[in-house]
Amino acid sequence: MNSRIGVIAFNTFREAVRDRVLYNLIVFALIMIGASLLLGQITIGVERQLLINLGLTSISIFGVLIAIFIGIGLVSKEIDKRTLYTMLTRPVRRWEFILGKFFGLVITLAVNAGFMTLGFFIALLYLMHGFQRSDLSILVAIYFILLQFMIVTAIALVFSSFSTPIESAVLTFAFFVVGSFSEDLRGFAEVAKGTSHYFAVGMSYIIPNFSALNVIASVAHGNPVSHQLILMNTLYAFTYAGTAVCLASLIFQNRNMK
Amino acid sequence: MPAVETFALEKTYRVGFWRSSPKVALKSLTMSVEAGEIFGYLGPNGAGKTTTIRLLMGLVNPTGGSVKILGGSIDDPAIRAQIGFLPEQPYFYDHLTAKELLNYYAALSSVPAKERSRRIDATLTRVGLAQDAWNTQLRKFSKGMLQRVGLAQAVLHEPKLVVLDEPMSGLDPTGRREVRDLIEELNHEGKTVLFSTHILSDAEALCDRVAVIGKGELRGIGVVADLTASVKGNVEIMWQGASAVPAISSMGLHPHAVGDTVRVVVAEAKVDAVIDALRRSNAKLVAVTPVRTTLEDYFLAQLAKPTAEVSR
């Protein structure tokens, strides 16, 4: 990472951690984990499964909300508030700005996820009075959640580079929701005919495959995650996010500041 | 080598729901700013000053023509490293303190880490920001304080060219005076300063040359001393002795008296006759001064022209 990208990334991180909304979301996520602990205590035999399901889903949902909430303003807010004027007249290339913003938010999300994961494992320890070997799979599920955050951030960045924050929020959230059902979209593409088939196939390539990145239910049942899936998901997430960041840079390169 | 050169620079925006109606913001601007001068870019509100500056700074893409900054392209980071820019009504990251903001910009401008702290302190002192505000978040700053921070970030990295969009905006009279002093200091250090304003007294006091723009079109450009040197053919005569007023009024003139001091503006041809009349009335002559064109006269005359008649 060159120094300018690092400087922009650090400033993005600093801006996010000084935003009170971020803490509200993290606290809410930790409350959800706590609530799942209580819920687990009134069920019989599936306490661990329930805690993992609800706990990891909370980390995922609130992380995505943070990614969308902050991501949509990464570029458009800077244009609206004209903070970009004094930035882009310095020896900073526009793609460096986009990349700095991306890394800044991804680091923010990783740190947040770290805190939420800590809260989750404290809850797990309280419930199970110890850890077991299959808990390692939980870490893999959390790694996949981080990959999801990276993709959502990149998508938010693309929309933020040409549309308003509200439009960006709606479009990014729509991508997240549709992407979470991408397996169903692929299933539909297989059975559809004619134009619908081609449309569904095209969309299944454009929409991120969040289904493959969601192994929460499987991990909750104590199933291991294959090395091949870890490798493929890593490659997929980095390729998708990298392509999206390149697209955002291309759009932003020729954008007029108002 | 000129610090700034524009060649038939144009900007047309598409407006309306379907973006089908063209709106010309700048028409074929060709001008240059010489290295080492203070150049004023004058025009009324909405004339196209800010559009021009955004085009120069590469923030907006032109629809025609081109720009050269310090002999190169604004797209070149090495050129941008030599530019300091203050936008109109600047807004900065309000979660940062003044020192953090300047440190951020210094890092982006490749100011060596060892020098940053010293240079930041010196610059904040130079722009007159009170020391107790240095570590305050910018969200708590007044408009005038933000303007000072804006000036600080523009000069922090010691650029060769400083471009200021309405730098006196939001400042009280003392602040305006300080900014004028700062612009002069920068010029004495050999820097080129280009600033836009609609406050003509600032431009007249500071600038070597000015350009006047109206409705997106260059209306005039020239050396301030030349533009204001031409005599309009009138002379102002001032004297003491209100008893002479009836004699002067009888010549068809309109003297204005403030206490015992009276002034009248007359055509050059009538000066001798007026002075004779004053002598006869035993009035005490104080001053006889040719009335010269002010920058305001020039500005208004250029804007009143239907088409551009550029004087270089």
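Predicted model: local features only at pLDDT ≥ 70, side-chain atom pairs only at ≥ 80, totals over all residues.
Beyond its neighbours within four places in sequence, A:Ala154 is in contact (C-beta atoms, placed from the backbone, within 7 Å) with A:Phe102, A:Ala241, A:Ala244 and A:Val245. Residues are numbered from 1 along each chain as its sequence is written, while chains are lettered from A and ligands numbered from 1 in the order in which they are written.

A:Ala154 is also listed, with A:Ala67, A:Leu157 and B:Val163, among the residues that have the most contacts inside the largest nonpolar core, which has 148 residues; such a core is a set of buried Ala, Val, Leu, Ile, Met, Phe, Trp, Tyr and Cys residues joined through C-beta atoms within 7 Å. Helix 7 of chain A provides the largest share of this core, 16 residues. A second, separate core of 11 residues includes B:Ala244, B:Val266, B:Val274 and B:Leu278. Helices (H or I, at least four residues) and strands (E, at least two) are DSSP runs, numbered from the N terminus. Helix 7 of chain A, residues 135–160, has 26 residues and spans 37 Å from its first C-alpha to its last, close to the 38 Å expected at 1.5 Å a residue, the expectation being 1.5 Å times one less than the number of residues.

In chain B, six strands form an open sheet in the order 5-6-7-3-8-9, with mixed pairing, where two strands pair if DSSP finds at least two bridges between them. Strand 5 and strand 9 (217–223) of chain B are the edge strands, each pairing on one side only, and the twist averages 15 degrees from one strand to the next. Strand 3 (residues 38–42) and strand 7 (residues 192–197) of chain B run parallel and are joined by five bridges, with B:Gly40 opposite B:Phe195 in strand 7. Helix 6 (residues 173–188) of chain B packs on this sheet, touching strand 3, strand 6 and strand 7, and its direction makes about 155 degrees with that of strand 7; axes are lines fitted to C-alpha atoms, for helices over the stretch in contact, and angles run from 0 to 180 degrees between N-to-C directions.

A further open sheet of chain B consists of three strands in the order 2-1-4, with antiparallel pairing. Strand 2 (21–33) and strand 4 (64–69) of chain B stand at its edges with a single partner strand each, so one side of each is left without a neighbour in the sheet. Five bridges join strand 1 (residues 4–15) to strand 4 of chain B, and B:Glu5 has B:Lys68 as its bridge partner in strand 4. Helix 1 (residues 49–56) of chain B lies across strand 1, strand 2 and strand 4, at about 65 degrees to strand 2.

Between the chains, 24 residues of chain B are in contact with 20 residues of chain A. The largest share of the side of chain B that touches chain A, four residues, comes from helix 3 of chain B.

Definitions and conventions:
Contact = placed C-beta atoms within 7 Å. Buried ≥ 20, exposed ≤ 12 C-beta atoms within 10 Å, placed from the backbone.
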